Amino acid sequence: MLQDHFRNFSAMNQQPLTLLSLLLLLSLITACTGNDILGSADGDEASITNTLVDDEDELSSNLLNLEPGTVIGRLQLDAPNSAEFILHGTLPLPFGLYPRPDGQEAFGIVDSDGEVIPAQTEITSRFALPEWAEVVELIARVKRPATATAGERIQYDVIIHYHEPNTAPPAGMSASNLLKQVNSLPTNVVDFLSQSKPLEMHAEDFYGNRYHCDLLDGADQADLLKFGENQVTVRTYCTMRPLAGNPGAGKSYANGGEMPHLFGVHAYLSSFAGEEVMRLDLRINNGPTNLDTAAGIKPLGNVYLRYLDVEPLVSGWAVGQHVQDPFFRNGRLVDQIRNHDDYDYWDGSTLIKLQHKAGDMHLFPHRAQFHRRLGIYPVGQSATAQRIVARAGLAFATDGVNEAGTKLFSWWHKASARFLAQSHVIASLENIGGEAAINEILNKDGGFNDYINNLEKGHMSAFDTLPFEFPVLGAFHPAGAHYGGVSGSGWIEYFTGSDVLAAAINAGYRLLMLEHRAHNDRQQQAYFNEDGTPIKRSHWTLPATKTPQYLPFKFEMDAGADAPFGDSEAPNPHEAAITAAGFKPTYANYLLPFAPWDLQHFIRWSRSAKALVWIGNDSLAKDDLWRAANIIYMSVREISSHPTLLQSESPAAKTIVNLAKEVYELSPFDPLPEDLSTLQGNRIGFSTGRDDGWAIDTMASYYALAPDSWRDEVYPWFEKMVDIFSDGQSTCSGMWKRQLTSKIVDGEYEGTQIFEEQILQNALRGVGETVYRGRDAELTDQVRAIIIGNALAMMQPYLWNASENGPANQQGLNDIGSNKPFWAFQQSLFGPPPPYCSQPPTGPGGTVDWPQLGGVFADYSWPTFAWGYAITGDKFFFQRAGEMVGAPGDLASLPLHELAATVLARFKQDGYTETHMRAAIIGSLEQP
């Protein structure tokens, strides 16, 4: 067992664990399989935890032969205020269950009266082998139990139920006609969708020029996202164009003339079986890429407007919002923020307008974006629209067993635990605070009730608290402070949404929706092509058909001044006239300084988007991750910015080119080979860190959701990144990061911050589980080996702070004095220390003088124990987790299950504390 190798590191003659023996150990751990495909009722299903690489064929074959009627899952929710409703929720699946090779649909929902309802199945995420779904959304129209009242907890069984899929729509069908294909669509909805222009966006600029776009059949681009008997969702994209008869028609742009266009608008429209209302999610952006200059689409700089509205052009129809904005009242902007209890924003008005008050214009910054969640409904149906927009039918997979005592597929079943790219079991509600956790989600500072209150009233948060440091700023209410790299651990979370899944609470999901909105309001990284697709690197690389390709301009999460996006044409010529007239809004001074969350803190943005997708298969959030991944692929790239002058690449740019040049000690003029395995890595660490970690995590997250074309394009990116982390990992310390900075041990040594190593562990875990596992066994083991090498290093005496029980916050690795020796740990992880490794210096009395600083920073450490145990199965990681959480007794002497129970009991005492960081290790302890 590993604890035999690593418990007593002071024994200098102890046999080290070599990389080869580690890989052999990994193969032994993952070799066993179980006969019970669903897992036994007592939770002892560990035998199929890591079977995908070795036993995927047997597993998929057994799953495909499950008997019809077998209960495989259970969805629970609080009963909506409606006798019938659209039930929808995500269910994680084991490898090989869906889709079926024969094309049949596989799932049914047992209704409250016992009737089996064929479930519409939409794929949320896929395994590395793309033919298999790992998470699906199930959709069915069901009846609320006759005896249940609104708000009461109800459940619906998911069974194996083979049935024919819904007939695919013909190619080229319009958005309106697609939405009409859902079953049992009420006549008034059909009539609405049959109008020539039922739904439009309008706006007016400073000079009275008006712009519009048709969100349905006149849209420039329409895509089918969900299609079945219960729900149809389409995505349209249009660019707002000038209306005929504008006062600025024919005039120059700088003299009151029309802008060539206004904003780009994504509309996500959904129709539902038997429902008289539709859902409309809108994303509005001021971020064209200038790719199609022939279409006249170009960056506009900061845009000022008198109003912006979405308007149903069919008599008797209205629009209402998920969240009432203080700038909106009865479809009109109000002069000041009012108490939202004074009026009902679902009042049947036909406009939701952002309209200027006397004199002032409204500001939409360059590259900004915002989104809104809306309902479209016949006047008189506002309550139904509220229910649909608030996702009142959203259900959550729950843990449990079926009548045969077989464990159900859920986020707590090891064979189906596919939450986020890391795909690990998460904590149950019982061990993160129980009912008290639900109260935390609802009512703690920054919880749902606090969030909704701040957004609806336009307030800032209480002094020095999250989430809002500013009140509402026009159409925007951004989260946080201006600086995109602000220090602190706020919103730095690995497992956002795990508590919502455990609590199965609708308000928790709505909180994630609100958080995503607030963080999108500040993420001014809107780069969209004329067809609504996000920026794509291949559109800009040169030469298009030869290698090595290069990017002919700087792009590091934002475009540099030399980028061909037309940004240099800003500012908007209207801006000077508006400023001179005194109509620039006062809030501009507070809105314009907002910077996007930078790459070192990118999880603050991505956390809620990821959770919305995995929990609710949210189409808008999924597209946001698409855009973010493409921006990262442009920024953290394996191609240079220049074909010959490679030295002009900024040393600070987080490109794979720069990482590789440091690891492989290439000169600035050496081209990066296609296959990095031809190079010899330095194995002494390199200048990596949390920015690379969040970049890798975002890429792996979208990889799980992406179509094959995107996966095929970026797969070499992951191969190069993993090679770099393998070849650059220090053979002396197991660390990846090696940097000289005043932030690490006062700049006296080259060293690392352990929390950055742990962020990288988390990201690489996502690559191993989502990009490689089941597709490439060798690469899967390669990722596991470097993770475990890094994780085990943190368990050693020189990194494990025994007085504070945890990995040291900062660690010196290399004396910058004479000869610069790279210090080896007493027990090298990968064999005898290479010649350049030396022992650390000794202090008075011969004690080891190992430079550490900052004590123990536990927040980021918790997943390390989960990854270590998942890879090795060794209880040593539970022991260390117990020491860090303060579990009592001689943990090393306890058998595995007793150890897990002891440590879990200590975690349980802390309740909701650090839930979003502890979810994986608590999940591991619950099912050792």
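In which loop is Ala 504 found?

A: Ala 504 is found in the loop between helix 9 (498-503) and helix 10; helices (H or I, at least four residues) and strands (E, at least two) are DSSP runs, numbered from the N terminus. The model is predicted, so that local features need pLDDT of at least 70, side-chain atom pairs count only at pLDDT 80 or more, and totals for chains, interfaces and linings use all residues. Residues are numbered from 1 along each chain as its sequence is written, and side-chain values use heavy atoms, with hydrogens and water left out.

Although Ala 504 is not a glycine, its phi is positive, at about 50 degrees. Ala 504 counts as buried because its relative accessibility is 1%, where buried means under 20% relative accessible area and exposed over 50% (1.4 Å probe, protein chains only). Glu 665, also not a glycine, has a positive phi of about 55 degrees. Glu 665 is found in the loop between helix 15 (656-663) and helix 16 (690-705). With a relative accessible area of 60%, Glu 665 is exposed.

Peptide bonds also deserve attention. Most residues other than glycine have a negative phi, and most peptide bonds are trans. The bond from Tyr 98 to Pro 99, however, is cis, with omega near 0 degrees; Pro 99 lies in the loop between strand 2 (84-92) and strand 3 (105-110). Leu 542 and Pro 543 are likewise joined by a cis peptide bond, with omega about -20 degrees. Pro 543 belongs to the loop between helix 10 (506-520) and helix 11 (573-580).
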